[in-house]
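This briefing covers a single predicted model.

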Amino acid sequence: MTLKPPVNRAGIVNTCTIAAAAGVSPATVSRALRGVRGVSAAERDRIRALARQMGYRPNPFVAAYTAQVR
């Protein structure tokens with residue numbers, strides 16, 4: 001099954017578009033992709049598989065910034 005990703009205006013798959021496709025909040029997607037507590041293993045695997053299928057790639061600039069903030 002090929003999933004046509006819902007993309008934002010810039011045509012980029014991000015956590016918000018993954019959340020819309022998965023039916024969860026963007027915060028849940030963020031936690032699932034980072035592997036932190038608060039998301040069950042089954043839900044984490046489902047979200048990660050969906051992100052992979054949609055072609056999600058983390059933005060290295062955003063990742064570097066959030067790493068400094070955290």
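The lining of the largest pocket comprises 8 nonpolar, 5 polar and 3 charged residues. That pocket holds about 450 Å³ of space. The model is predicted, and the protein chain in it has 4 helices and 0 strands.

**Largest pocket**

- The lining consists of 16 residues, of which T15, Y56, P58, N59 and V62 are the closest to the centre of the pocket.
- Helices α2 and α4 (60–69) each contribute at least two residues to the lining.
- The helix that gives the most is α2, which supplies 4 residues of the lining.

**Contact of α1 with α2**

- Helix α1 spans residues 15–22, and its axis comes within 8 Å of the axis of α2, with a crossing angle of roughly 105°.
- An angle from 65 to 115 degrees counts as roughly perpendicular, so α1 is roughly perpendicular to α2.
- On the α1 side the contact is made by T15, C16, I18 and A19, and on the α2 side by P26, V29 and L33.
- By class, the residues of this contact are 6 nonpolar and 1 polar, with no charged residue.
- T15 of α1 takes part in this contact and is also among the residues closest to the centre of the largest pocket.

**Contact of α2 with α3**

- Helix α2 (residues 26–34) and helix α3 (residues 41–54) have axes that come within 9 Å and cross at roughly 95°.
- From α2, the residues T28, V29, A32, L33 and R34 meet R44, I47, R48 and A51 of α3.
- This contact of α2 with α3 has 5 nonpolar, 1 polar and 3 charged residues.
- V29 and L33 of α2 meet α3 here, and V29 and L33 also belong to the contact of α1 with α2.

**Chain as a whole**

- Read from the N terminus, the order of elements in the protein chain is α-α-α-α.
- The protein chain has 70 residues, and 20% of them are buried.
- Among contacts in the protein chain with a separation of 6 or more, 39% are between residues 24 or more positions apart.

Terms used
Residues numbered from 1 in each chain as written. Predicted model: local features only at pLDDT ≥ 70, side-chain atom pairs only at ≥ 80, totals over all residues. Heavy atoms only, no water. Axes fitted to C-alpha atoms, helices over the stretch in contact; angles between N-to-C directions. Contact = heavy atoms within 4.5 Å. Nonpolar A, V, L, I, M, F, W, Y, C, P; charged D, E, K, R; others polar. Parallel < 35°, antiparallel > 145°, perpendicular 65-115°, else oblique. 1 Å grid on protein atoms, 1.4 Å probe; cavity = no way out; pocket = protein on both sides within 12 Å on 5 of 7 lines; lining within 4 Å. Points joined across faces, edges and corners; volume = space filled by probe spheres on them. Buried < 20%, exposed > 50% of the residue type's maximum accessible area, 1.4 Å probe, protein only.
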